[in-house]
Amino acid sequence: MVEKMLPFKKNDTFKLKIEAMGSDGMGIGKHEGVVIFVPLTAVGDEIEVKIVKLQKNFAFGIISKMLSESKDRVPVDCPYFNQCGGCVYRHISPESENNIKAERVKDCIERIGGFSFADGSIEFEGIEGGTRYNYRNKAQIPLGLDKNNKLIMGYYAKHSHRIVDNKKCLLHPEIFNSIIDVFRDWYEQFGDSVYNEETHKGVLRHLYLRVGEKTGDILFCLVINGDKVKNLDKLAGMLKMNIPEIKSFVLNINKEKTNVILGTKERIIFGEEHIKDILCGRVFNISPLSFYQVNRKQAEKLYNKAKEYADLKENETLLDLYCGAGTIGLSLINETNKLIGVEIIPDAIENAKKNAKENGIENAEFICGDASDAAKILSDRGEKPDVIIVDPPRKGLDSTLIDTVSKMSPKRVVYVSCDPATLGRDLKIFSEKGYLTKKVKAFDLFPGTSHVETVCLLDRQANVI
């Protein structure tokens, strides 16, 4: 039925020119008016494509033969690139990747938000790119067995839960790869059973690593399906002997049949429950459950831009919604400002309070609740925030929250986004409430992957009360 609606069928091959890139890093071409998505391609590639999947109005293909390569292509530096679902852009130059991501941000704001950069009403300040190497301070590595019952650990293949065994991820700091080697050695000598997500049997589920880039401290977390691990003392000893930078070894217990990596119960095997890092001159505690940007260097640049956009004056109040452990809000204020952080997760609020205390910041208050709770508390106290910063998850803000923010009537709103599509949608709703987007800057916190972050400045219009 589906095949008859398209001018070609599955397994057909024909010439195709890649003319654009999709949001997930796939190349896009058209054949007889039908859009075809092809992974591992670049704009300008001329290929012979083989159709592998049909949908109602589009199709997916793979490269059957390369006819002419794009000028954007570079030699692939990772042996796992064609299989692993982590990176999508290692076959093109960093400059091309930056251009793709910048254009994606602009396109979503114009096409979905209904704005125009051409008329000068919004200033686009470009994109801040970063290195593709060794930038991740966090790794969540699923564990599994291959068909020969040998341990495999790496990242999932794209759109699957098939683990691609990876001996050296280029996104990891080198020490993570050394830790993985030690873990493999322990498993081969002493290891316990490995978790199978289909049968829900086996003990070892994930390896979860975090590093404080400035402090050098490492947190080693083993996620298990059960209450104990065989020969755990052997693993602790091998880690201490080979990786002295490990300051914390935490056992996380997750017995749920779920794709969520971390459980809610933890046991400290040695060291502290957290490590520390320094971001924008502030000290932050990092535990397995804490939110902390995975690319510290790029995060500092993003936070500094957010601080510039917030433009806090003396005695002004900053309201930080989705404050998490307080990293962004605490990075933006000085001793003359007041910070009110709001987060619905109780543990995150406790972390935020500890982080404020760690930095000697007394002019910060943290509220456990949602935006409406904060709005009521501030209203009852006769307070109004001068600036509101929002850093929502990928799904963006809902219209009720945007309405709540607008009714608090801040002078400025700073929107930090991890998804250009929901950003464009939300900026449009804000404009209908009297908050117009004035400046936009993109930041690549995940070079090599399809993700991009954006910071926007929204100004309250004069006719808004």
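Q: Which residues of α4 are buried?
A: Buried means under 20% relative accessible area, exposed over 50%, and partly exposed in between, with a 1.4 Å probe and protein chains only. In α4 the buried residues are R296, Q298, A299, L302, Y303, K305, A306, Y309 and A310. This is a predicted model, in which local features need pLDDT of at least 70, side-chain atom pairs count only at pLDDT 80 or more, and totals for chains, interfaces and linings use all residues. Residues are numbered from 1 along each chain as its sequence is written, and side-chain values use heavy atoms, with hydrogens and water left out.

Q: What span should helix α4 have?
A: Helices (H or I, at least four residues) and strands (E, at least two) are DSSP runs, numbered from the N terminus. The expected span of a helix is 1.5 Å times one less than its number of residues. Helix α4 covers residues 296-310, so its 15 residues should span 21 Å; the end C-alpha atoms are 20 Å apart, which agrees. After α4 comes D311, with a positive phi near 50°.

Q: In what order do the six strands of the open sheet lie?
A: Two strands pair if DSSP finds at least two bridges between them. Here the order is β1-β5-β6-β4-β3-β2, with mixed pairing. The edge strands, β1 (13-17) and β2 (20-21), each pair on one side only. Strand β1 runs antiparallel to β5 (residues 46-54), and five bridges join them. L16 has I47 in β5 as its bridge partner.

Q: Which strands pair with β11?
A: In general, the side chains of a regular strand alternate between the two faces of the sheet. Strand β8 (residues 138-145) pairs with β11 in the antiparallel sense over five bridges, and K138 stands opposite R210 in β11. Strand β12 (residues 218-224) also pairs with β11 in the antiparallel sense, over seven bridges. There, L209 stands opposite F220 in β12. β11 and β12 form a hairpin with six residues between them, and G216 in the turn has a positive phi of about 80°.

Q: How many residues of β11 are buried?
A: Strand β11 (residues 204-211) is mostly covered, with eight of its eight residues buried.

Q: How many aromatic pairs does the structure hold?
A: A pair of aromatic rings is described by the distance of the centres and the angle of the planes. Rings of Phe, Tyr and Trp (its six-membered ring) pair if their centres lie within 6.5 Å; planes under 30 degrees apart count as stacked, over 60 as edge-to-face and the rest as tilted. The structure holds nine aromatic pairs. F58 and F60 are edge-to-face because their ring centres are 5.7 Å apart and their planes stand at 80°. F430 and Y435 are also edge-to-face, with centres 6.4 Å apart and planes at 75°; both residues are buried. Ring pairs link F37, F58 and F60 into a cluster.

Q: Over which ring does the charged end of R205 sit?
A: A charge sits over a ring if NZ of Lys or CZ of Arg is within 6 Å of the ring centre and within 35 degrees of the ring normal. The charged end of R205 sits over the ring of Y195, 4.0 Å from its centre. The charged end of R90 sits over the ring of Y133, 5.2 Å from its centre.
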